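Okay, thanks for making time, everyone.

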Amino acid sequence: MLEQTINFKITTTQESKISKVDWENLPFGKMFSDHMLVMEYSEGGWNEPEIIPFGPISFHPATSAIHYGQSIFEGMKANKSSEGEVLIFRPDMNAKRFIESCERMCMPIIPEGLFVECVRKFVEIDRDWIPNKPGFSLYIRPFMFSTDEFVGIRPSDTYKFIIFACPVGAYYNEPVNVLIEEHYTRAAEGGVGRAKVAGNYGASLYPAKQGQLKGYHQLLWTDAKTHTFVEESGTMNIVFVINGKILSPTEENDTILRGITKRSVLEVAKVWGYEIEERKITVEEVIAAIKDGSCTEAFGAGTAATIAHINKIGFRGDDYFLPAIETREFSLKVEKFMNDLKSGISPDEFGWLVKA
Ligand SMILES: *Cc1c(COP(=O)(O)O)cnc(C)c1O
């Protein structure tokens with residue numbers, strides 16, 4: 001419906017790069033599809049979206065996003081069914097979260113319908129870039145940044161919204177090791193932790209690197225005030241299975257990114273009859289539950305990795321190992337369910353897929 005009212009200006013590439021792709025060896029985020037969508041905001045409104053060949057953009061050195069950080073992004077995936085249908089996983093949820101990020105960062109919103117239509121049209125143009133192999137997908141990256149050429153701190157009057165995409169394989173090739181972080185902070189109450197803001201990730205690099213030097217893939221962040229409650233890990237939300245219950249930190253305060261993968265996993269678990277608790281979870285409780293064997297599973301949930309099984313959790317110099325991956329009934333089942341649903345192998349009983 002909406003599509004008829006949106007005019008897309010489309011210029012396709014003269015030289016597709018697709019024949020040069022090594023599909024057997026796809027490092028995450030290094031290969032880009034043939035096109036990108038660009039939409040500019042000026043004089044109080046969004047201009048016509050354009051789809052053009054993928055390539056560099058030039059900018060003024062005083063471009064405000066670079067200096068003052070009005071820069072937000074999203075991430076979602078598209079797959080192809082065996083019949084060749086293009087299936088995008090819950091782009092409406094990304095659109096809603098993008099609006100929240102816009103509002104928090106004092107940026108103009110993109111209405112949900114326009115956002116989703118931009119994603120659909122773009123994916124339709126680059127549909128040949130959606131890998132056909134199990135475990136592979138097209139990772140779609142919409143983002144927006146301020147473009148006023150101006151030195152001074154105030155919300156920009158102009159913005160650029162861009163969508164590009166990368167064909168990708170698995171994000172992690174092995175179960176992950178995470179380290180409980182008790183000094184550095186990802187997000188404080190009243191801050192921007194709930195928004196997908198570029199600066200959050202820049203700020204996490206130094207602490208994450210310290211963890212990596214100790215041999216961990218990711219940090220497990222704790223709350224800024226007391227460092228006693230578990231929050232989330234890298235770009236993943238965290239889920240535990242303790243005494244057969246599915247547990248995840250509450251998203252009530254604004255320090256945790258509201259992940260679409262975790263929300264979907266919990267919705268599935270609920271339908272499967274699992275008991276679910278979203279509440280504050282202490283580090284102490286998790287460590288005690290691993291020690292006494294009541295914590296049987298732990299995983300990160302996020303678009304890039306879908307489900308990242310956790311092998312061990314480091315805490316104050318000790319490592320606490322989770323049970324063997326093969327024993328993880330819920331994580332394995334939900335991982336397969338999500339992968340089959342996204343790629344059209346099993347029916348879309350939740351109505352989560354949008355066709356391009
Ligand atoms: C993107 C992100 C997640 C996961 O969200 P999904 O919608 O599941 O991809 C979790 N935490 C942080 C900090 C993130 O940036």
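So, let's start with the ligand. There are 15 residues around it, and the closest are Lys196, Tyr201, Glu232, Thr261 and Thr303. Before I go on, keep in mind that this is a predicted model.

What sort of residues make up that shell? By class, we have seven polar, four charged and four nonpolar residues around the ligand. If you want to find them by secondary structure, look at strand S13, residues 236–242, and helix H6, residues 260–271: each of them supplies at least two residues of the shell.

Take Glu232 to begin with: an N or O atom in the Glu232 side chain is 2.5 Å from a nitrogen atom of the ligand. On the oxygen side, Thr303 has a polar side-chain atom 2.6 Å from a ligand oxygen. Then there's Arg97, where a side-chain N or O atom sits 2.8 Å from an oxygen atom of the ligand. And how much of the ligand does the protein cover? Taken on its own, the ligand has 380 Å² of accessible area, and the protein covers 98% of that. The space the ligand takes up is the largest pocket, by the way.

Okay, moving on to backbone angles. Arg90 is a non-glycine residue with a positive phi, near 45 degrees. You'll find Arg90 in the loop between strand S7 (86–89) and helix H3 (91–104). Is Arg90 buried or exposed? Its relative accessible area is 8%, so Arg90 counts as buried.

The other one is His227, again not a glycine, with a positive phi of about 55 degrees. His227 lies in the loop between S11 and S12, and at 14% relative accessible area it is buried.

While we're in that loop, have a look at Phe229, which is found between strand S11 (218–221) and strand S12 (232–233). Phe229 is at 22% relative accessibility, so it counts as partly exposed, given that buried means under 20%. Phe229 and Val286 are 57 residues apart along the chain, and their C-alpha atoms are separated by 9.8 Å.

Last stop: Glu278, in strand S15, residues 276–279. Glu278 is partly exposed as well, with a relative accessible area of 33%.

Technical notes:
Residues numbered from 1 in each chain as written. Predicted model: local features only at pLDDT ≥ 70, side-chain atom pairs only at ≥ 80, totals over all residues. Heavy atoms only, no water. Near = heavy atom within 4 Å. Polar contact = N/O pair within 3.5 Å; in protein donor to acceptor, adjacent residues only side chain to side chain. Areas by Shrake-Rupley, 256 points an atom, 1.4 Å probe, with all protein chains shown as cover. 1 Å grid on protein atoms, 1.4 Å probe; cavity = no way out; pocket = protein on both sides within 12 Å on 5 of 7 lines; lining within 4 Å. Sits in = over half its atoms within 2 Å of the grid points. Helix = DSSP H or I, 4+ residues; strand = E, 2+ residues; numbered from the N terminus. Nonpolar A, V, L, I, M, F, W, Y, C, P; charged D, E, K, R; others polar. Buried < 20%, exposed > 50% of the residue type's maximum accessible area, 1.4 Å probe, protein only.
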